[in-house]
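Hi everyone, thanks for coming. I'd like to walk you through one model today, a few residues at a time. Let me put it on the screen.

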Amino acid sequence: MRTRKQGTAMSAESLFTPFTIKSLSLPNRIVMAPMTRSFSPGGIPTDDVAAYYRRRAEGGVGLIFTEGTAIERPAAKSNDAHPDFFGHGLTGWSKVFEAVHSAGGRIAPQLWHVGSVHPEEKDGNDPNEPIDSPSGIRAPEGAFGQPMTEEMIQDTIDAFAASARHAQKIGADAINIHAAHGYLIDQFFWALTNRRDDRWGGEDIGSRSRFAAEVIRAIRSAVGPDLPIIIRLSQWKQQDYTVRLATTPTEMHAWLEPMADAGIDMFDCSQRRFWEPEFEGSDLNFAGWVKKISGLPTITVGSVGLDAEFLSFFTDRKMAPAPVDELVRRLERGDFDLVAVGRALLGDPHWAEKIREGRASELLAFDRSVMRTLT
Ligand SMILES: Cc1cc2nc3c(=O)[nH]c(=O)nc-3n(C[C@H](O)[C@H](O)[C@H](O)COP(=O)(O)O)c2cc1C
């Protein structure tokens, strides 16, 4: 936990400089991090969900990533109130996108498949339908379901592409692919959950990146060359926060290269504390190393604007606002291009404009009671 005093000694001006990538032009560097809210019964975002995202656009967020939203595969989500990005879900998302755009904002859906992360045996999903996972493993417990067949893998890749095409049709400003936190794509990256000996698995992290790369290729061919495609990666897994997929810059290169070759435009680098160095001998964080190695733009995230990291979310502790000086120092040094903000924006839709206007004393503390409603 940081102990620095609250305040915005350093100017936050650089957070409010424009940024352009392909067809996406942003007025500032602040991104709303994807955050699951479970307020979309039957998979359809309601008018309240639209108003919730609209408030963040009105509050000056440059780009909004939606919460994870399911692609059209059996058991792609683990809760009926998680939104779908297909079928009737699209009606709700159209309203959300319209609401954000009419407030002058920009929005990108986070396309999600949970893989074998199911808290209960199927969580209301059809028990006759298979659960997708690379090797039929649910970490850390072990065997769960069947390994995906070649046909299931292809259908899943097609489902990601179909959702991306729908997104483009209803006006998405970019696509975010959820490949982090131990969900399906991450289960392919992770040696513990990917034991395949065909082309979708392998000893080295580069071979286990093939599934992600093929998802990117399929999305690219569905949406054309101009819509930015962003992928969210993390070293940590919700099943084990100590896991690191890439323990050296060389391994990180092997991990990223297939995705870069497949045409990814930007990496969204999920970390719990943005100031933590990724490898010894440098203070560069995860987003800093990914940018250095790939040469592509990156997004950082992790406890921006708060004095405690996101696992405190599961406690009753109140999280106080924290200064953004260190973040700004790294942004100005060119370590990353955009900054995603999670809990600080959940608690305070006006966080971005308060930072811009130097209204530090008006920043709100965060506690998890905000999760009960869509404030
Ligand atoms: C309530 C909640 C829901 C989240 N849901 C998602 C999600 O759907 N997809 C995702 O990639 N990350 C998700 N995250 C992680 C956040 O995007 C973010 O990376 C994390 O909260 C760290 O940022 P923060 O410290 O600014 O909150 C979630 C976090 C929270 C607190």
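Let's start with Lys22, which counts as partly exposed because its relative accessibility is 41%. For the terms here, buried means under 20% relative accessible area, exposed means over 50%, and partly exposed is in between, with a 1.4 Å probe and protein chains only. Lys22 sits in the loop between strand E1 (19–21) and strand E2 (24–26). Its phi is positive, about 50°, although Lys22 is not a glycine. When I say helix or strand, I mean DSSP runs numbered from the N terminus: helices are H or I with at least four residues, strands are E with at least two.

A word on where this comes from: this is a predicted model, so local features need pLDDT of at least 70 and side-chain atom pairs count only at pLDDT 80 or more, while totals for chains, interfaces and linings use all residues. Residues are numbered from 1 along each chain as its sequence is written, and side-chain values use heavy atoms, with hydrogens and water left out.

Ser38 also has a positive phi without being a glycine, near 55°. You'll find Ser38 in the loop between strand E3 (30–32) and helix H1 (47–58). With a relative accessibility of 27%, Ser38 counts as partly exposed.

Now to the ligand. Which pocket does the ligand take up? The space taken by the ligand is the largest pocket. Pocket here means an open set of points on a 1 Å grid over the protein atoms alone, where a 1.4 Å probe fits, with protein on both sides within 12 Å along at least five of seven lines. A molecule sits in a pocket if more than half of its atoms lie within 2 Å of its grid points.

There are 18 residues around the ligand, and Pro34, Thr36, Gln110, Ser303 and Arg343 come nearest. Being near means that one of a residue's heavy atoms lies within 4 Å of the molecule.

What about polar contacts? These are pairs of N or O atoms within 3.5 Å; within protein, one must be able to donate a hydrogen and the other to accept it, and residues adjacent in sequence count only if both atoms are side-chain atoms. The side chain of Arg343 has an N or O atom 2.7 Å from a ligand oxygen. For Arg232, a polar side-chain atom lies 3.0 Å from an oxygen of the ligand, and for the His178 side chain the distance from an N or O atom to a ligand oxygen is 3.2 Å. Taken alone, the ligand exposes 600 Å², and the protein buries 93% of that. Those areas come from the Shrake-Rupley method with a 1.4 Å probe.

Let's stay with His178, which is in strand E8 (residues 175–178). Is His178 buried or exposed? At 6% relative accessibility, His178 counts as buried. Its side chain also has a polar atom 3.3 Å from the backbone nitrogen of Ala180. Beyond four places in sequence, His178 touches Gln110, Leu111, Trp112, Tyr183, Ile185 and Arg232. Contact, by the way, means heavy atoms within 4.5 Å.

Next, two glutamines. Gln235 lies in the loop between strand E9 (229–234) and helix H7 (249–261), and it counts as buried because its relative accessibility is 5%. A polar atom of the Gln235 side chain is 2.9 Å from the backbone nitrogen of Ala246.

Gln271 is in the loop between strand E10 (266–270) and helix H8 (286–294). Gln271 is buried too, with a relative accessible area of 10%. Its side chain reaches the backbone nitrogen of Phe286 at 3.3 Å, and its contacts include Trp236, Asn285 and Thr300.

On to Ile137 in strand E6 (residues 137–138), buried at 12% relative accessibility. Among its contacts are Ser116, Phe144 and Leu192. Do look at the peptide bond from Ala139 to Pro140, which is cis with omega near -5°. Pro140 is in the loop between E6 and strand E7 (142–143).

Last stop, helix H9 (residues 325–333), where the buried residues include Asp325, Leu327 and Leu331. The buried residues of H9 pack against strand E11 (298–300) and strand E12 (338–341). Just after H9, Gly334 takes a positive phi of about 90°.

Note on methods. On a 1 Å grid over the protein atoms alone, a cavity is a set of points where a 1.4 Å probe fits but cannot get out, and a pocket is an open set with protein on both sides within 12 Å along at least five of seven lines; lining residues have an atom within 4 Å of a point.
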